Amino acid sequence: MSDEGSENDQAGVRTIGPVVSAAHLASGAMPALSELEFAVTMMVNAYSRWMVRCMAAGGTAGLSPLDVQVLHSVNHRGRAKTLADICLVLNIEDTHTVSYALKKLDKAGLIQSGRQGKEKTVSITKEGEAACVEYRSLREALLVEPMKALGLDERELSRLAATLRLVSGNYDQAARAAAAM
């Protein structure tokens, strides 16, 4: 493939690739990484839109993507969580953003504050659980069913998810190195 990202193959059919948002980054030693970054960017933006619109369709409007993620995290396994727990699971460094989301969810009556010893905790309310159940129901109908129709191999999707989690560790390490410069 040429640096411009397209050329004719032997049959005279034009090939395009890699698909990236910044050709200057793809011109280095690992163009596929730029392709992955662009795909992740597209996925994050689409996923963010989905979360907000699914919650709104379920009757819980006005939440940001982070609010929705935090709500589902608080609901996870039905046990109380600390701010640190939520930030760790979601890999969020800026705890103030999660703290703000928790305040917003508490004000909306979707979660409630509590204590475990000296630590402040949050847990799901009946209203918050109902919002999560409605989200799940809509997700099954509007997202899961069409995805199943694509015939994707669930083991391959799980392998891809595991790979993305591993790759995220390299980005975290690179971020630490950049911060130390």
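Predicted model: local features only at pLDDT ≥ 70, side-chain atom pairs only at ≥ 80, totals over all residues.
Residues are numbered from 1 along each chain as its sequence is written. Local features need pLDDT of at least 70 and side-chain atom pairs pLDDT 80 or more, while totals for chains, interfaces and linings use all residues, and side-chain values use heavy atoms, without hydrogens and water.

**Exercise 1.** Find out how many disulfides the structure holds, and why Cys 54 is in none.

*Solution.* 
- Start with the rule: a disulfide is a pair of cysteine sulfur atoms within 2.5 Å.
- The count for this structure is 0.
- The closest cysteine sulfur to that of Cys 54 belongs to Cys 132, and because it is 10 Å away, it is too far for a bond.
- Cys 87 is in no disulfide either, as its nearest cysteine sulfur, in Cys 132, is 18 Å away.

**Exercise 2.** Decide whether Cys 54 and Cys 87 are buried or exposed.

*Solution.* 
- Buried means under 20% relative accessible area, exposed over 50%, and partly exposed in between (1.4 Å probe, protein chains only).
- Cys 54 has 3%, so Cys 54 is buried.
- Cys 87 has 6%, so Cys 87 is buried too.

**Exercise 3.** List the residues that Val 70 touches, leaving out those up to four places away in sequence.

*Solution.* 
- Contact means heavy atoms within 4.5 Å.
- With sequence neighbours up to four places away left out, Val 70 touches Ile 86, Leu 90, Val 98, Ala 101, Leu 102 and Leu 105.
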